Amino acid sequence: MTKTTTKTTSTKKKVAIIGGGLSGLACAKYLADAGHEPIVYEARDILGGKVAAWQDADGDWIETGLHIFFGAYPNMMNLFEELDIEDRLQWKEHQMTFAMQELPGQFTSFKFPPNVPAPFNMAAAILTNTEMLTLEEKIRMVPGLLPMLLEGQSFIDNQDELSVQEFMQKYGMPERINDEIFIAMGKALDFTDPDKLSMSVILTAMNRFINEADGSQTAFIDGNQPDRLCKPMVEHITARGGQVLTGKPIASIEVNPDDNTIQHLILADGTTVEADVYVSAMPVDIIKRLIPKSWSSMPYFRQLSELEGIPVINLQIWFDTKLTSVDGLCFSRSPLLSVYADMSTCCDEYASETASMLELVFAPATKSVGADRNWIAASDEEIIEATLVELQRLFPNEIGPNSPNGGAKVTKSTVVRVPRSVYATTPGRNKFRPSQESPVSNFVMAGDFAAQKYLGSMEGAVLSGKLAAEVVCDKAAGRTTNGPKEVHSSIDIGSEEKSPIGVRGTHPIAFGGGQQGMGTNPPHP
């Protein structure tokens, strides 16, 4: 359990936070609560990072991703409560819905009975669904999952070196479990196929779902994330003396030659930023480009080379008619698509009784993570065309030439590419996730890739930002800290220092964000 960041008798610190995604904003929120002075520097003109969104010429919100809130997100739920915005979460019926691969247009659900405690509610959901797995297959899952229940997190951590398929082979699970369940979960959790995914990812999610009665229940926020989540965080921060600045990209981190502490930051416009403490809340692929030369040989920073973001594409497709859809998240079980939702049904801001807007996660997106081609480099038209072919299977009576009157017509579509999203959880990555506390006394690491018990996710981002704030608060109050996490022995002390590459360009992808269009001049912030 993390310590609560409470206001204490400590020296007030001015803290420069680089990055205005959920991790940076959460860090600033908890620092402001503790009486410090956080200043967030966001490179783009919009906040949110991986949950960023912007309005197009029609006034429609274009989103970086389809973001779902789970009951097993305690830090996110606490944040909503602390901001007094819990009513903005639209909770759905507690079920997990999958498309039936061999029965186009049909779906099946694992329904969790209400008022039944964990883990019995999940057991009931699995046993009462007879359409995806046979009873024998369900029984053969037990040897691999029972140690997770008995040993908990230690067992989960020890499986990080195994891929999903290697774990299945070790515990004698039939291949159909992979086909029916794990492929869909892997693509939803980390946008990749199971043969390239650490089993610890699947087990982490299942452990939360099994042990918390409402852990797998999902909610949608009732509108766009910038207004409905980021804005109240900014208002909370500024009301307590903090600042949140946009359009402030960092050019370099300048260090003191005698002790390697940060002397100041230099912004892209040449402005110098001085603070008592500096927090990186940038994506791992971006902070790697800014590591000062004198830090580059330190094992703590060298281990970052073992982490990189994974590609994903987010789609929004508007139709001229209302589709028959589920009020909630659906696992498409498509070779090209991960999960999707009809936002005209699921979300108040996009609600419509006459037309549908599907938001879909296109994954895997490159050959390196299991796709049949490099879809990131494909044109928008190719991606949408391929998606519509898949949607004909999901909506055979409503989309496609075989539907009455030619089916629903696309009135608009958007493609947002994120070449480097959450860190890729390939086998063996967990040991390289850095602690929030670093060997540099006035530098702290946040971001969902930093060490915390959740995956690269909204929950992980908020928790990491909170843990980073706790490091700052503990040091300011003179409390003993845990020190930096021990770096794995496979990371050697570098014999050669490397100069930082720096961030090149001012387009969203340069800062780790999602982007419409292929060039360096997208039609959005």
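Is Arg479 buried, exposed or partly exposed? Arg479 is partly exposed, with a relative accessible area of 36%. Here buried means under 20% relative accessible area, exposed means over 50%, and partly exposed lies in between (1.4 Å probe, protein chains only). This is a predicted model: local features need pLDDT of at least 70, side-chain atom pairs count only at pLDDT 80 or more, and totals for chains, interfaces and linings use all residues. Residues are numbered from 1 along each chain as its sequence is written, and side-chain values use heavy atoms, with hydrogens and water left out.

**Salt bridges**

- A salt bridge is a side-chain nitrogen of Lys or Arg within 4 Å of a carboxyl oxygen of Asp or Glu. The count by this rule is 22 salt bridges.
- Arg479 pairs with Asp474 in a salt bridge (2.8 Å, N to O). Asp474 counts as buried because its relative accessibility is 7%.
- Lys412 and Asp60 meet through their side chains in a salt bridge (2.6 Å, N to O). This pair links distant parts of the chain, 352 residues apart. Lys412 lies in strand E19 (residues 410-418), and Asp60 sits in the loop between strand E3 (53-55) and strand E4 (61-63).
- Lys412 is buried at 17% relative accessible area. Asp60 is partly exposed at 26%.
- Glu306 and Arg429 form a salt bridge too (2.9 Å, N to O). They are 123 residues apart and link distant parts of the chain. Glu306 is in the loop between H11 and strand E15 (312-319), while Arg429 is in the loop between E19 and strand E20 (443-445).
- Glu306 is partly exposed, with a relative accessible area of 31%. Arg429 is buried, with 17%.
- Helices (H or I, at least four residues) and strands (E, at least two) are DSSP runs, numbered from the N terminus.

**Pocket and cavities**

- Rolling a probe the size of a water molecule over the atoms shows where empty space is left.
- On a 1 Å grid over the protein atoms alone, a cavity is a set of points where a 1.4 Å probe fits but cannot get out. A pocket is an open set with protein on both sides within 12 Å along at least five of seven lines. Lining residues have an atom within 4 Å of a point.
- Grid points are joined across faces, edges and corners, and a volume is the space filled by probe spheres set on the points.
- The largest pocket has a volume of about 630 Å³. It is lined by 26 residues, and Asp285, Ile286, Lys288, Arg289 and Ile501 are the closest to its centre. Helix H10 (284-287) and helix H11 (299-302) are the elements that give two or more residues to this lining.
- Eleven residues of that lining are nonpolar, six are polar and nine are charged. Ala, Val, Leu, Ile, Met, Phe, Trp, Tyr, Cys and Pro count as nonpolar, Asp, Glu, Lys and Arg as charged, and the others, Gly among them, as polar.
- There are six cavities of 30 Å³ or more. The second largest cavity has a volume of about 220 Å³.
- The lining of the second largest cavity has twelve nonpolar residues, no polar and no charged ones. Among them are Met96, Phe98, Phe110 and Ile181.
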